[in-house]
Amino acid sequence: MPKLLISTLESVPGYTISKHLGLVQGSSVRAKHMGRDIMAGFKNMVGGELKGYTELLQETRDEALERMQGEAEAIGANAVLNVRLATSSVTAGAAEVFAYGSAVLLAPSVGAAG
Amino acid sequence: MDALIQLLIFAVLLGIGFIFGSAAEKRHYASIRQREKELRGLIIVPEKRLPRQDCDTAFVCGSVVIAQDYFKMTLAGFVHFFGGRMGAYETLLERARREAILRMKEQAAQQRARLIFNVKFSTCNLMGQEQRGAGCVEVTAYGTAIIPHARA
């Protein structure tokens, strides 16, 4: 089992939830930098994927998830279940990614098949 | 004279959007169909409970930011005026969702997963507040990949 497991499910196979530790969350806001923005402006004329933005939002999401995991670790959890992601464009040119889930303490279940 | 130049620029942009935009969309659809065929073995289940316990789980996530071309957006502007189906947005969102699913599946396939459980989507308009080129969306698909134990 990895250091801190995250999952969109409500349970983990082979483990039982021994303790609920409440909601944990992490968010990150990033702005596109000028060069990328200008390139994206051109790309907007012809359509297609804006790779710069895809990468930017991926980094943002990773950071949000990391922060959420950090918070979970700080309160002594070893997994975050039922994780959800949400993106919103707070102002023109910046996006926020928000990750949240419930922090739990898992223990190997007795008599499990795995 | 000024108005004429502006009109000319507008026409050129429309033309560029139409030519390159249609080609890009066609290419994208072809690539999506091809990859969907390759990854058909990996099944997505919108279900929360696992039927079996002898497996590992991993968080997988795919995302894409995609824009519609200038020509289609202008067309959509007219539709906005008269009402009706907005084809420009329909294809934009469809492509974005299918692409996001594919990227999530590719990530899951790398970890030798067979199934992806409880998949969720999140969609966001990235240029909502700006007037110019409003057709830019981000779609994220995420879920839990189910990886059977090596002995199974």
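This is a predicted model: local features need pLDDT of at least 70, side-chain atom pairs count only at pLDDT 80 or more; totals for chains, interfaces and linings use all residues.
Residues are numbered from 1 along each chain as its sequence is written, and chains are lettered from A in the order in which they are written. Local features need pLDDT of at least 70, side-chain atom pairs count only at pLDDT 80 or more, and side-chain values use heavy atoms, with hydrogens and water left out.

**Exercise 1.** Find the strands that pair with S2(B).

*Solution.* Start with the terms: strands are DSSP runs of E, at least two residues, and helices are runs of H or I, at least four, numbered from the N terminus. Two strands pair if DSSP finds at least two bridges between them. Next, look at S4(B): 13 bridges join it to S2(B), and the two run antiparallel. Then cross to chain A, where strand S3 (residues 48–49) pairs with S2(B) in the antiparallel sense over two bridges. There, A:Glu49 is partnered with B:Ile66.

**Exercise 2.** Work out why S2(B) is largely enclosed.

*Solution.* Count its buried residues (under 20% relative accessible area, 1.4 Å probe, protein chains only). You get 12 of 13, so the rest of the structure largely encloses S2(B).

**Exercise 3.** Trace what A:Ile6 touches beyond its neighbours within four places in sequence.

*Solution.* Take contact as heavy atoms within 4.5 Å. In chain A, the list has Leu65, Met68, Gln69, Val80 and Val83.

Methods
Buried means under 20% relative accessible area, exposed over 50%, partly exposed in between (1.4 Å probe, protein chains only).
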